[in-house]
Structure formats: structure tokens, C-alpha cells
Amino acid sequence: MSWPLRVGIRLSEGLDRPVSVQRLARFLRFVAEREGVTGEVGVWICRDDEIAELHERFQGIPGPTDVMSFPGEPPYLGDIAVSAETAAVQAAEVGHGVGREIAFLTVHGFLHLIGYDDLSEPERSRMLERQEELLHAFECVEPGRWEPVARQRRHDGQKRGDNTA
């Protein structure tokens, strides 16, 4: 199966890989297919201080936020920044893993890039419902962990585990 979306994901230095990057990319391709969208998107999993800088610079709001999206010019749909630290706090509040919360926030940013909005309560409800629908549908099609498998040393000293980059 070929996917209509190219996905680039990078993690800030110093983050303990909070999400399986390969699974997150597959999820975004799944969402793009369900939404009938093609193109390219960039995702940055960052720290609170990094997203706080973006939040202040682009929205004039001090302090960190969970996710921000920056539209691009097609075929480049745009960029999504997700704070892994804020995602960890929110994940603990709702009772699931940080990787799943990052996936939830990333799809929120992606939906913004393709035209969804959450400025009014009806729009916000529709958008959050769609996020949940897409996440649940993907997890049914591709069950598994959002967090990478812990890396372990093999007997020969090489690392094994989640090879996502």
C-alpha cells in the first residue's frame, strides 16, 4: 500500500524518545488517506522551553502549549510542533501513555493544517471528535504500543529495540 503523505519527524536533543516515530508517521499517513489529503508534513517533538519560544513569537502568549501548527504552501502542508513535556503531563491527567498523547496532539495539529478549526465550541467539539475517531480507527487497524520498545543490549554489545529515527 502506498501512502499519499510524506512525513518528516525530528526530536529535540535530550528527549528520551517519548513516541515510536515510525508508528506516528504511519498514523499520519493513515489520517491523510482517511481525509483525502496528499503532500508533505514536518513534525517536531520538542521541549516546553522550545514550544514556549514559538508560542510567544507567533501568538504573543507567554509559556508553553501542547501543540502548534504552521501552514505551508502545497504540496508542503506545513509543520507541527508538539511539546513532549506538556504531553507527558496531559497523558498522566487522562490516564494513558505519553506516546498516545503525542499522537493525539499531532493529529490535532495536522487537522488544523488541512482546514479544521476550533475557534468556536461546535468546531472544537467536531475537531476533538474527529481526532478520537481517527486515533481509535488506527489503533483498531494497527494495534500496538505508542511508546518505543525499551532498548536493550544484545549479547554482542549492540543495541536492539525500537529502530525508529
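The sheet here is an open one, with 4 strands in the order 1-2-4-3 and mixed pairing. Two strands count as paired if DSSP finds at least two bridges between them; strands (E, at least two residues) and helices (H or I, at least four) are DSSP runs, numbered from the N terminus. This is a predicted model, where local features need pLDDT of at least 70, side-chain atom pairs count only at pLDDT 80 or more, and totals for chains, interfaces and linings use all residues. Residues are numbered from 1 along each chain as its sequence is written, and side-chain values use heavy atoms, leaving out hydrogens and water.

At the edges sit strand 1 (5-11) and strand 3 (67-71), each pairing on one side only. Strand 1 runs parallel to strand 2 (residues 39-46), joined over 7 bridges; leucine 11, for one, has isoleucine 45 in strand 2 as its bridge partner.

| Helix | Strands touched | Angle of directions |
|---|---|---|
| Helix 1 (residues 21-35) | strand 1 and strand 2 | about 145° with strand 1 |
| Helix 4 (residues 98-113) | strand 1, strand 2, strand 3 and strand 4 (76-83) | about 145° with strand 4 |

Angles run from 0 to 180 degrees between N-to-C directions, and axes are lines fitted to C-alpha atoms, for helices over the stretch in contact.

How do helix 1 and helix 4 pack, at what angle and how far apart are their axes? They meet at about 40°, with axes 11 Å apart. Among the residues making this contact are Phe27 and Val31 of helix 1 and Val107 and Phe110 of helix 4.

Notes. Contact means heavy atoms within 4.5 Å.
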